[in-house]
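Subject: Structure for your review

Dear colleague,

Please find the structure below, followed by a summary of what was found in it. I would be grateful if you could read the notes alongside the coordinates.

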Amino acid sequence: MFLRADDKITSSQAAVFLTNTLLGAGILTMPRSITQEMKTPDSWLTILLGGAAIMLVVLLMVKLSQQFPGETIFQYAGKIAGRVPGGALCLLLVLYFVIVAGFEIRSLAEVTLFFLLEGTPIWAMVIPFIWAGAYLVCGGINAIARVYQIVLPITILVLLVSYAVSLRLFNINNLRPVLGEGFAPVFRGLKSSILVYSGCEVVLTLVAFMQHPQHAVKAMLGGIAIPLGLYLLTVIMVVGGLSIDCVITSAWPTIDLIRSFEVTGFFVERLEFPLMVVWLIQMFCTFCSFFFQASLGISQVFRLPVQPVILAMVPVLFLATMVPKSQQDLILLGDAIGWGSAGLFLLLFVPLLVVWMIRVKGLKQHV
């Protein structure tokens, strides 16, 4: 069957969908990647600047999508650039979604392997999650959004409780001096801070599914603001609790911070376990977002029923998951995904926006 016409989401569901898409494995590794690039404790400033830049990008994406009501990027790209060039650009976007989906589920498996199920084959952890994702994605975007509405508050609650308890380790001196080496490190780290927002491209399809697309700007900016706040808090707490030297050398600095203490007499004395369980679910949600986007893209570009496409994507995603051979390969793939996101913005969105603006201006002149 094709996509149902009644498969719509509310503005709040759209915001939650975008937030869950962005809150993946990045929050576990982001303090290290940014601090390695900067070598100063000013990474929180970089997060703010990167978030502001991404909000501007998202605003432009929403404005373009609103010009084609009820249509996703996979449908209106051909109208702007022509069917063949538009289709080629959309296939690049689908490939990007497949790679990111594979990265998220592989990161989930690596975290599980490292902390919980040592010695378990990667494929044995990956396959059940991919099939569970296929089951959820088959339900449509409304079903996915409703699951996200349950998961997101739990995720935020566990994260905030973990950070609140870790205040005993927090040392404000680890965040000093502010701008000790000027603005140069801040701008140097801007690249890494923008890369943690990889996945905001889903805005190009989300607007089409909204019941009230006229509220898309408010919903999408709200969906960006939540991860921006959590990323900012994460960097401050992790660098403030561990110092930049420890953060740079840690593979999973956020988890290492929570593992650094015990809460005696508390219901759960070691908070890294509830945090890890919740974040595994969060990474699964991120995976499902990209699974849905990739399936939607193939379905709309080639005009195929979406359900068979979803099932056909299962082995493709498994192969994408198994490409990295080690944790180091996974880290390198994460960096490549960030660059791929920036490249797609330049190769896909910017040309489409420019061509559309030229055509609109030309039509106005003819009138």
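V306 lies in helix α14, which covers residues 306-322; helices here are DSSP runs of H or I with at least four residues, numbered from the N terminus. V306 is buried, with a relative accessible area of 8%. The term buried denotes a relative accessible area under 20%, exposed one over 50%, and partly exposed a value in between, computed with a 1.4 Å probe on protein chains only. Eleven residues separate V306 from S295 along the chain, and their C-alpha atoms are 6.8 Å apart.

As to provenance, this is a predicted model, in which local features need pLDDT of at least 70 and side-chain atom pairs count only at pLDDT 80 or more, whereas totals for chains, interfaces and linings use all residues. Residues are numbered from 1 along each chain as its sequence is written, and side-chain values use heavy atoms, with hydrogens and water left out.

The loop between α13 (272-301) and α14 contains R303. R303 is not a glycine, yet its phi is positive, at about 55°. With a relative accessibility of 59%, R303 counts as exposed.

Helix α2 comprises 13 residues, 26-38. Ten of the 13 residues of α2 are buried, so that the helix is mostly covered. Among them are I27, L28, M30, I34 and M38.

K39 follows α2 and is found in the loop between α2 and α3 (43-65). Its phi is near 65°, a positive value in a residue other than glycine. K39 is partly exposed, at 49% relative accessible area.

In helix α3, T46 counts as buried, with a relative accessibility of 0%. T46 touches M38, V186, G189, L190 and S193, leaving aside residues up to four places away in sequence; contact means heavy atoms within 4.5 Å. One of these partners, M38, is also among the buried residues of α2.

Finally, R176 and P177 are joined by a cis peptide bond, with omega about -5°. P177 is placed in the loop between α7 (141-165) and α8 (184-195).

With kind regards

Conventions: Helices (H or I, at least four residues) and strands (E, at least two) are DSSP runs, numbered from the N terminus. The expected span of a helix is 1.5 Å times one less than its number of residues.
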